[in-house]
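Hi,

Here is the structure I promised to pass on. Have a look at it first, and my notes on what turned up follow below.

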Amino acid sequence: MLDTATSEDDTNLLVAIVDTNPLAWQQSATAKIPLSLDDAIRQILLFFNAHMALKHDNKVAAIASHIGHCKFLYPVTDAETHRRQANPSKIAKDANAYPNFKDVNDDIIESLRSLMADTDTPQKNLNDGTSMISGALSMALCYINRITNQDDLGRIKPRILVISVSPDSPYQYISIMNAVFSAQKMSIPIDVCKLYGGEVAFLQQASHITGGVYLDVENPQALLQYLLFSFLPERYARNYICLPNKEQVDFRAACFCHKRIIDIGYVCSVCLSIFCSWSPVCSTCRTKFAFRALPPLAGKGRPAISRTASPAPSTAASPGSSSPMSTA
Amino acid sequence: MSGRKAKKDDDEYVDIDDAIDTHENEDNQQGGYSWEEEYKRSWDVLQEDAEGRLSSVVAHLQQQMKRRRLLRDTATVQRGIIRHLFLVIDLSEAMNEKDLRPSRLELTLTYARQFVTEYFDQNPISQLGIIVIRDGVAERLTDLSGNPTDHLRALKNKRNQETSGEPSLQNALDMACASLVNVPSHGSREVLVVYGSLTTCDPGDIYDTIAQLKKEHVRVSFVGLAAEIQVCRTLCKETNGKFELEGKVELVQALTWPWCFLYLGSYGVVLNEAHFKDLLFEAIPPPAITQTRNTSNLVMMGFPTKSNDLHPSFCVCHSKLTVGGYICPRCSSKICELPTDCDVCGLTLVSSPHLARSYHHLFPVDNFIEVPWSGINSLHCFACQTAFESSPPPGAGLESNSGRYSCPRCHNQFCVDCDIFVHEVLHNCPGCWAAGSNISTVQIHSKKQPALQTDVMPMEGVTS
């Protein structure tokens, strides 16, 4: 992990990943405490404005994590800006609005509108109705990498905020973990704001590993308050402010055969898949395993006859250990 | 910040001789030495462009250097994920030479520290041990363990940095072999030797040692600082053997070619400091398994839960009073940190992110392909939104490189910085994961079994 010291003079870059999964938002809008996407976006835009208001050079980027693909909401590319400026009718000039805020808000709203209106998205697999959070994380990290390389003074301190309403997608576990480890290596905290959708173990692990804030929002109508209190402080202020996180993150694994959480498992040394009980063939990579000497059965006297394929003795009690007591 | 500046210097360091020699060598003679080849005019590479400037040529060379490091083997093969590596460092008189700045010894120790950190970062469930040789005697600095701080502390210790006498290769290899014999069969057994001297002072016949290493399936790699030594070359050849990668037979003779570092090098002689670092770090990604025996096992591992006590209790690793720690699921003793082996019952304890760190070795991202001007389909990079040049510069044909690199699966186009970032740090293609098109098929090849398509991706850490 990079040891990056923060200071008051840093420029803070906030990359927000907004989960725009329409199925989940529809459910959230009709839940017990309803929050529709419109309300949420209004509050999120206010939060972005607050972030930019803290310092004159604070920057914001937003990525939408939709159900089939991901898209940058802000900043928009030059080509897109030209196209929008060619339609001046949509954007009214308001003398009372601070132009920096207004530009960001208008761009994000326009991008979201075109995202929702675009029903042409190529969706080969619907992936059980979850949004492409790993793609959004990857794009966020590439964008941060570009900004950091362009920054010569080393003053830009990035962080990622994920606003999530969808459940975990097991297909994306490996890519989410890859993104999380990259963020850990680059010292980028990943904050998670969970609005709706139950427990998400992957995002909890992500915020724990990178040292970010994790918050389960209980009253979604008060989203802006949660955002301003827990997610607004920048990395320097986090040294002094106590922010919520999940104390007990469960890092145990689930076995591949039954999807049960296990305490002790058997790991295939080839493909690293986890099983709850010993079997002679790995179901993922079809590797055949060497039979080991079985431990003596209690009360039956003789141990079972064993066939060892490899000469090195490997009992279940000492895998991978080379204790100092062994003669060298 | 100084770390990043140093990295920038590394990136911008362009050695024209390197750029020429290795490119030409991979096309031409296999197994020749540089003095046997045609005289090269390396200054001809720097040609001024139409306006008399060299900057574009230098930028182009830099880009080439950057990408050259990337093109690595992305075949999905069996790799030894659980590794046991001995790092052997030569502390003989020859290491005081100053041909590598500031001296061979200091540079070796600096890189060794970086190597240890990076090794445990990429292979969290593996183990490392350090052996040093001086005065004809091999001394074990640290035993095989999975904790990087022990190794770093040993390397920092001033007493361990003194050089004297002659090195003894046989003693070092015997010591490493004796420790590796006790390693269970599913773990890979490797030795990486950093050798600066041209001689070795052995008590017996080194070919006996070579035979024993072969018998115990220990794989030896060398990084030579002085020149190529025949005995070392034989050692590497004998202990590595032949292995097949997806039908391509990659002979180890190619690996022992001193200037060639594009293959999985097992013997390399350094050309300069940057090359030394590259050679040393080549040992970090897990090597492909040579199928000489059935080495796969189901390893029993425990996944402990964190305990947050209010009162301090003793841990079994340091016998100190600590608050909080991990509880071994088999013997319920308290351990301070993961990954480790439980000191009481010997069970390997890991958490699921440690296993997840190694997944990218098993499912690597495909190399991106350069896109000529005739094949462009976007005006900005898909991942970072950098704008590309929209039309080729005057004088460049339609087939010249447009600065875009495309993923062979999702056909999105990326800039060169994103290409490097994706392959070196991120290990996810943003295009593939942001488009939902190819998530569910993963193919795992192994030499003997047929290719298997699996739809089941690991679902770990789910609490419900």
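Take Cys70(A): the nearest cysteine sulfur belongs to Cys429(B) and is 12 Å away, and Cys70(A) is in no disulfide. A disulfide would need the two sulfur atoms within 2.5 Å. Cys70(A) is also buried, at a relative accessible area of 5%. Cys177(B) is in no disulfide either, with the sulfur of Cys236(B), the nearest one from a cysteine, 15 Å away. Cys177(B) counts as buried too, because its relative accessible area is 4% and the cut-off is under 20%.

Next, a helix pair in chain B. Helix H4 of chain B covers residues 104–122 and helix H5 of chain B covers residues 148–156; their axes come within 10 Å and cross at roughly 180 degrees. That crossing angle is why H4(B) is roughly antiparallel to H5(B). On the H4(B) side, the contact uses Leu109(B), Ala112(B), Arg113(B), Val116(B), Thr117(B) and Phe120(B), while H5(B) brings Pro148(B), His151(B), Leu152(B), Leu155(B) and Lys156(B). Sorted by type, the residues of this contact are seven nonpolar, two polar and two charged.

While you are looking at H4 of chain B, check Thr108(B), which sits in that helix. Is Thr108(B) buried or exposed? Buried, with a relative accessibility of 2%. Leaving aside residues up to four places away in sequence, Thr108(B) touches Ile89(B), Met95(B), Val194(B), Leu225(B) and Phe276(B).

Now for confidence. The predictor gives the complex an ipTM of 0.83 and a pTM of 0.79. The average pLDDT of chain B is 77, and 77% of the residues score at least 70. Within chain B, helix H6 (residues 169–180) has the highest confidence, at 93, and strand S6 (residues 243–245) the lowest, at a mean of 30. Two stretches of chain B to watch: residues 1–9 have a pLDDT below 50 and eight contacts in the model beyond near neighbours in sequence. Residues 438–464 of chain B are below 50 as well, but have 75 such contacts. Where pLDDT is low, the predicted coordinates should not be read in detail.

Cheers

How values were computed: Residues numbered from 1 in each chain as written. Chains lettered and ligands numbered in written order. Predicted model: local features only at pLDDT ≥ 70, side-chain atom pairs only at ≥ 80, totals over all residues. Heavy atoms only, no water. Axes fitted to C-alpha atoms, helices over the stretch in contact; angles between N-to-C directions. Helix = DSSP H or I, 4+ residues; strand = E, 2+ residues; numbered from the N terminus. Parallel < 35°, antiparallel > 145°, perpendicular 65-115°, else oblique. Contact = heavy atoms within 4.5 Å. Nonpolar A, V, L, I, M, F, W, Y, C, P; charged D, E, K, R; others polar. Buried < 20%, exposed > 50% of the residue type's maximum accessible area, 1.4 Å probe, protein only. pLDDT = per-residue confidence, 0-100.
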